[in-house]
Amino acid sequence: MKKHLNSIPPAKGKLGVLLPGMGAVTSTFIAGLELVKKGLGRPIGSLTQLQTIRLGKRYENRNPLIKDFVPLAAPSDLVFGGWDLFPDNMWEAALKAGVLERHQLTPVRRELEAIAPMTPVFDPSYLRNLKSDRAKRGPSKWDLARQVVADIEAFKRKSGVERAVMLWCGSTEILPKPSPCHESARAFEEGLRRNDPAIPPSMIYAYAAISLGMPYGNGAPNLSGDVPAMVELARRTGAPIAGKDFKTGQTLMKTTIAPMLKARMLGLTGWYSTNILGNRDGEVLDDPGSFKTKEKSKMSVLDSILDPGLYPELYGRYHHKVRIDYYPPRGDAKEGWDNIDIRGWLDMPMQIKINFLCRDSILAAPIVLDLVLFLDLAKRAGLKGIQEWLSFYFKSPQCREDLKPEHDIFIQHLKLKNTLRLLMGEEVLDHSGLDYYDLERGAVALAPAPRPVKSAARKKPIASSRP
Ligand SMILES: NC(=O)c1ccc[n+]([C@@H]2O[C@H](COP(=O)([O-])OP(=O)(O)OC[C@H]3O[C@@H](n4cnc5c(N)ncnc54)[C@H](O)[C@@H]3O)[C@@H](O)[C@H]2O)c1
């Protein structure tokens, strides 16, 4: 059994949650959490609040809730702050986003009105479809980064939080051109000083947080923390980082169905995905530059799961198309259609159709909560740099440069839970184990040493092939 060497300090005191971008996702997350705190809503979709984790063998019947197993901050200890291009407080932002109805929000109106966004870092060349006259001013991007650092420090002082996490919930930016300033922390800082155009606002926020050793997560497909400069800085300052792009609607479906196709060796000839959505995010993605960033993030998942290199006959020539259409009447209630052309025995064609009537921010809010709590846990556990075990939450998971990202949601889920087991000194589960089977003589060398079996477990049949 591998054990984590350090014991994790408890989550004492308040935890600051700093969110650049306070639109639909952020306001739904904060409003939802305030409602949960008052017992007026349930945190459905959140692993940290609802899921259990199996420990040891099945017959041990040890299945604590994740929140009772690892030392997480409690939702009642979270304190919120952030930045936005619009001056709306969280009550106004939530009403405008239209995800939750006014009557649902009213019980937490006072809490929402108390949260107003700080002045943002804004650069219209990275976001064409939104306008703002609120923006930090300064002679250089370095100066803007110092202003964000000052905001963070002022927020911590005023709110009295012990620790803080930053999670980008802002719009999808146009991707910057690759630049030498992304390659090392030193080059990046020089780039900030000489206003390198390849540094978008999201990177300035990421730099501010990471330079303070704060955990940083990224819910959009923006590069922000996903360049060698930020990874190097995070390792140096001890900041855990994770991204990119919350895995919510269509990609959640894709990374669930594709592993099934591959597991059953069913071929794929085409996957056509289209969406309509009418919220501000949809308006931003209506710009070809921002859409390109999102498309890149959405397109990468199939190849990575299906591995056409290993299975050229089944997955070597499939057609993959992704569309997002801005359609205002829908607001946040996105609708996605997938048409999947597959092939079975003797190449016979079949089709799968998915029509997902989802609510974007309702799916994203629990991800925000889990990421905040897990990133804070990672920091207290002494984990730094890229947190690949949080890939479960992302469309475009960040991982070490020499590795391939893991997109299969089931592997991601196993990895997440095994990381929690490791952190707490519990046995990692790989769902193998020959100790469930009667072995022929000669195979005994493969079997692990017999384990003591509790009396309750002895009564159970042991014929199941699922460990
Ligand atoms: N299910 C989902 O909702 C989902 C899934 C995956 C990714 N995302 C991503 O999460 C992000 C937030 O989604 P949303 O629906 O809340 O969008 P939204 O448009 O409602 O909110 C984004 C907010 O970010 C603000 N913003 C933009 N640039 C900023 C800057 N430089 N500084 C501070 N604020 C800035 C905008 O003013 C806006 O209010 C988007 O990038 C979206 O693509 C959302």
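Which side chain is joined to that of aspartate 88 by a polar contact, and at how many Å?

Reply: It's lysine 96: its side chain and that of aspartate 88 make a polar contact of 2.9 Å. By polar contact I mean two N or O atoms within 3.5 Å; inside the protein one has to be able to donate a hydrogen and the other to accept it, and residues adjacent in sequence count only through side-chain atoms on both sides. Before going on, bear in mind that this is a predicted model, where local features need pLDDT of at least 70 and side-chain atom pairs 80 or more, while totals for chains, interfaces and linings use all residues. Numbering runs from 1 along each chain as its sequence is written, and side-chain values use heavy atoms, with hydrogens and water left out.

Back to aspartate 88, which sits in the loop between E2 and H4 (helices are DSSP runs of H or I with at least four residues, strands runs of E with at least two, numbered from the N terminus). Aspartate 88 counts as buried because its relative accessibility is 12% (buried is under 20%, exposed over 50%, partly exposed in between, with a 1.4 Å probe and protein chains only). Leaving aside neighbours within four places in sequence, aspartate 88 is in contact with Ala93, Lys96, Pro117 and Arg280 (contact: heavy atoms within 4.5 Å).

Arg280 leads us to the ligand. Of the 30 residues around the ligand, Arg280 is among those that come nearest, along with Val25, Asp84, Val121 and Gly170 (a residue is in if one of its heavy atoms lies within 4 Å). An N or O atom in the side chain of arginine 280 is 2.5 Å from a ligand oxygen. A backbone N or O atom of valine 25 is 2.8 Å from an oxygen of the ligand, and threonine 248 has a side-chain N or O atom 3.1 Å from a ligand nitrogen. The protein covers 98% of the 830 Å² of accessible area that the ligand has on its own (Shrake-Rupley method, 1.4 Å probe). H1, H9 (201-211), H12 (280-285) and H15 each give two or more residues to this shell. By type, the shell splits into 16 nonpolar, seven polar and seven charged residues (nonpolar: Ala, Val, Leu, Ile, Met, Phe, Trp, Tyr, Cys and Pro; charged: Asp, Glu, Lys and Arg; polar: the others, Gly among them).

The largest nonpolar core has 58 residues, and Phe29, Leu78, Phe374, Tyr393 and Leu420 have the most contacts inside it (a core joins buried Ala, Val, Leu, Ile, Met, Phe, Trp, Tyr and Cys through side-chain atoms within 4.5 Å). E2 (78-83) and H4 (90-97) are among the elements that each supply at least two residues of this core, while H15 gives the most, with 12. Apart from that core lies another, of 38 residues, including Val161 and Met230. Nonpolar side chains tend to be buried together in soluble globular proteins.

One last stop is the backbone. The peptide bond from glycine 243 to lysine 244 is cis, with omega near -10°, and lysine 244 lies in the loop between E5 (240-242) and H11 (250-263). Aspartate 307, in the loop between H13 (288-306) and H14 (312-315), has a positive phi of about 55°. Those are worth a glance because most peptide bonds are trans and most residues other than glycine have a negative phi.
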